[in-house]
Amino acid sequence: MSVALVTVSRREILQPKMVKIYVMGREYLVPEGLTIHKALEYAGFRLIRGVGCRGGFCGACATLYRKPGEYKLRIALACQNVVEDGMYLVVLPYTPIPRVKYKLESLKPDVGLVLKLYPEIARCVACNTCTKACPQGLQVMDAIQAIKRGDLAKAADLTFDCIACGICSMRCPAEIRHANIFHLVRRIYGKYMSPKPRHLEDRIKEIEQGKYREELEKLKQASVDELKKLYASRVIEPEE
Amino acid sequence: MSMCGYPSEIKKLIKYVEETREERLKKPYRRLSLEEREKLLKEWHPDYKPGTKRPLRVGVCKGTVVYNEVADLLEAWPLIDPDQIDLSKVDYDVDVLVIGSGGAGLAAALWAIYSGVSPDAVLLVTKLRLGDSNTVKAQGGIQAADRPEDSPILHFIDTVGGGLFANKRDLVEALVTDMPFIMKWLEDLGAMFDKNPDGSYVEVSGGGACRRRLHCARDYTGLEILRVLREEFLNHDVPYLEFTPAIELLTDPEDGGVSGAVLYNLETGEYYVASAKAVIIATGGAGRLHIAGFPTSNHYGATMDGVVMGYRVGANIVHLDTFQFHPTGVAFPEAIRGELITEKCRSLGAQLVNVHGEQFIHQLETRDVVSSAIIKECAEGRGIITPTGAMGVWLDMPMIDMLRGPGTIKKALPAMYRQFIRHGIDITQEPVLTYPTLHYQNGGIEIDVFSRVLRPNGEPIPRLLAAGEVGGGVHGRNRLMGNSLAGILVFGRRAGITAAKTVKETSTRPKLSLKHLEKYIEELKSIGVPRERRSPILLPDYRGEKVLLRSLRIF
Ligand SMILES: Cc1cc2nc3c(=O)[nH]c(=O)nc-3n(C[C@H](O)[C@H](O)[C@H](O)COP(=O)(O)OP(=O)(O)OC[C@H]3O[C@@H](n4cnc5c(N)ncnc54)[C@H](O)[C@@H]3O)c2cc1C
Ligand code: SF4
Ligand code: SF4
Ligand code: FES
């Protein structure tokens with residue numbers, strides 16, 4: 001079978017199409033296809049705020065933008081989303097969302113507690129703005145409603161992929177501090193409501209009782225050749 | 001958002017992947033023998049490429065061979081001129097100084113507190129926001145041998161075999177025997193791992209592991225661990241400074257041990273002096289050095305600062321002539337090139353396939369071996385060339401749903417699904433293009449089982465501890481998947497415990513000096529290091545050339 005490889009003309013590589021973006025109002029010409037972060041750098045910005053993992057995991061790079069002729073305020077992650085022609089954008093350096101301190105060990109897993117720590121939950125007007133704003137595409141309003149109903153398991157599940165970017169909280173008319181509330185709810189669920197792991201305690205006990213000590217001692221002393229033999233003779237467990 | 005997906009020339013090639021899928025689903029690809037693995041590594045792994053390394057010319061490990069990019073950092077001037085720093089005014093006077101807020105740093109701070117250090121006698125400093133780290137990006141999972149079919153013994157053998165038998169074995173012992181306990185700790189802190197209804201963990205295979213041992217939190221494992229540790233840290237009211245990297249350690253001239261650090265406010269340019277009875281380096285890895293010219297999966301601040309600072313006070317460095325190139329970085333779309341496609345995709349069954357639709361390696365060989373196989377495939381013309389001229393092979397993602405039922409991808413790999421759908425590629429339907437990416441610093445400054453930093457003669461440097469990716473020894477010359485999250489918590493915890501003990505044993509505050517720089521600077525002078533080469537670099541500089549050429553530094 002012969003397959004022609006994709007060939008690319010050199011011109012295409014050397015001369016990318018340029019797009020116009022407006023960074024905090026000022027116009028810059030940047031190559032098409034760059035993420036917002038990379039476009040900012042191309043334009044000459046040295047990033048300090050509004051950047052972290054650069055992979056969509058840390059929530060440091062919440063970006064607000066509008067496109068010409070549109071009233072809609074759009075949301076992006078600067079590390080994930082690519083520039084579009086005509087974008088008016090700002091990467092938020094910081095989102096002020098103070099948290100409430102708590103002691104997980106002495107909490108009771110009930111909804112009253114979450115409401116006590118974050119009473120603003122009760123003010124949710126079910127406008128769904130948060131859901132529309134979430135760059136992770138989470139059902140944020142449903143999670144808040146689940147918490148109001150006392151269904152913490154559901155809320156923990158719905159918010160698991162939250163990267164705490166803070167955008168929903170900046171848009172919420174009820175001024176709810178979503179990410180903090182979600183952290184709390186998930187930890188309550190994880191500690192008090194999820195099924196306890198099997199096997200773990202047994203293994204810890206075995207280790208404490210020294211079950212593996214002698215064999216590990218032998219392995220530590222073994223020659224590389226002996227280890228190689230052991231390694232090569234492992235039986236690899238099939239995948240499930 | 002622009003949803004472009006694959007250009008038509010590339011899209012056309014997908015049919016070759018689809019044509020062989022049925023066949024590939026049926027019969028597993030064979031595993032390589034140790035000899036075959038060695039041959040593949042020697043011929044194709046970047047670690048064996050000539051011209052990429054050199055022996056160090058300064059410091060306590062003169063003569064040790066490291067990657068050029070590492071040597072450039074170690075053979076560089078400090079950011080500060082010792083004469084210009086006023087050490088008589090101490091801005092932060094604490095018992096324990098923790099440098100870095102990834103998993104290792106947060107675990108260390110918490111365990112120092114659990115071991116008796118008062119939270120307000122701890123100071124944690126970090127380069128960007130609290131928690132911005134490689135930890136938050138970890139996707140696939142964390143290894144702990146808890147299933148009855150498994151054991152710490154097997155975990156040990158997998159780890160040293162994966163590490164090419166170069167691991168420090170007592171560190172491996174600590175790793176495999178502490179891990180079940182660490183999982184229990186995470187449970188108690190309310191971390192949510194994937195579980196079956198009966199409570200048993202959902203465990204999958206990692207490359208090079210002989211048992212299913214990988215504990216996952218969807219494909220946000222690091223995020224889940226990080227945010228739980230961060231919440232716990234914040235609940236203890238520990239003082240911390242964001243956007244304030246450490247840029248140099250301080251030493252007591254009497255014993256040469258460490259006594260604090262010089263900190264730097266990234267926004268105002270001001271420096272601060274911190275004095276401490278124990279200092280814990282938890283600064284993570286080095287992906288942003290782009291070793292051997294590779295793109296990277298690492299966070300923005302992964303610039304090896306901790307190794308630089310530690311080396312200047314006399315730390316031994318190990319295995320910095322080897323880095324981990326993760327087999328499956330994103331090759332297309334260009335916007336996110338180098339970002340990671342978690343190994344968990346392969347754990348769940350996705351196979352690697354060349355342009356002809358042929359599988360060329362078992363997907364769960366160790367990372368160094370799989371990377372070498374991909375590099376070989378591309379170099380010999382069986383890869384796919386992207387519109388920007390990058391190369392890659394296919395990772396056959398849709399297989400996962402075929403093997404494990406529709407919906408598996410969206411449920412077990414939501415971050416991966418998002419990462420590609422944002423660019424118009426639906427991984428439940430289409431394979432993705434992948435090529436190795438610079439991922440992990442296998443070595444670092446040498447530590448012992450108490451997380452103490454060692455000199456080349458094996459003596460610990462007084463009051464200096466290190467944990468996490470910055471530390472060397474535990475993973476040997478190649479780390480197994482899921483062993484880093486394990487290592488950062490095992491040795492972060494041990495660092496915290498040792499720090500508390502050190503504080504108790506240190507009655508008088510050690511003196512502050514930059515004396516260790518004197519000899520270092522002499523050596524830099526003698527080999528003629530250019531003045532503008534300075535380290536640590538703190539953040540990479542990706543600004544456009546055009547702008548830099550015309551940049552006036554007047555404001
Ligand atoms: C994309 C990706 C996926 C991964 N997936 C997995 C996985 O599935 N399983 C696994 O086991 N491992 C995985 N790893 C590896 C693992 O995540 C890291 O090796 C590990 O989290 C490192 O932890 P750490 O605490 O040592 O460093 P980091 O988490 O990187 O934290 C270092 C901290 O130090 C700070 N810092 C750096 N320099 C300074 C300075 N000069 N002053 C002050 N602070 C400083 C940083 O800002 C950061 O907060 C992955 C890594 C990446 C990048
Ligand atoms: S934006 Fe606020 S008020 Fe509106 S639905 Fe969401 S949480 Fe409720
Ligand atoms: S739920 Fe809110 S904080 Fe979390 S990712 Fe979505 S918008 Fe960001
Ligand atoms: S930089 Fe972390 S989510 Fe964008």
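1. The largest cavity comes out at about 660 Å³. A cavity here is a set of points, on a 1 Å grid over the protein atoms alone, where a 1.4 Å probe fits but cannot get out; the volume is the space filled by probe spheres set on the points. Keep in mind that this is a predicted model, with local features needing pLDDT of at least 70 and side-chain atom pairs pLDDT 80 or more, while totals for chains, interfaces and linings use all residues. Residues are numbered from 1 along each chain as its sequence is written, and chains are lettered from A and ligands numbered from 1 in the order written.

2. Lining that cavity are 48 residues, and B:S133, B:N134, B:T135, B:G284 and B:E469 are the closest to its centre. By type, the lining splits into 15 nonpolar, 25 polar and eight charged residues, with Gly counted as polar.

3. Of the 39 residues around ligand 1, B:D132, B:T135, B:E469, B:S484 and B:L485 come nearest.

4. On the backbone side, a polar atom of B:G140 is 2.9 Å from an oxygen of ligand 1, and a backbone N or O of B:G141 lies 2.8 Å from a ligand 1 nitrogen. Taken alone, ligand 1 exposes 1,000 Å², and the protein buries 99% of that (Shrake-Rupley method, 1.4 Å probe).

5. Among the elements, α14(B) gives the most to the shell around ligand 1, four residues.

Technical notes. Side-chain values use heavy atoms; hydrogens and water are left out. A residue is near a molecule or strand if one of its heavy atoms lies within 4 Å of it. A polar contact is a pair of N or O atoms within 3.5 Å; within protein, one must be able to donate a hydrogen and the other to accept it, and residues adjacent in sequence count only if both atoms are side-chain atoms. Helices (H or I, at least four residues) and strands (E, at least two) are DSSP runs, numbered from the N terminus. On a 1 Å grid over the protein atoms alone, a cavity is a set of points where a 1.4 Å probe fits but cannot get out, and a pocket is an open set with protein on both sides within 12 Å along at least five of seven lines; lining residues have an atom within 4 Å of a point.
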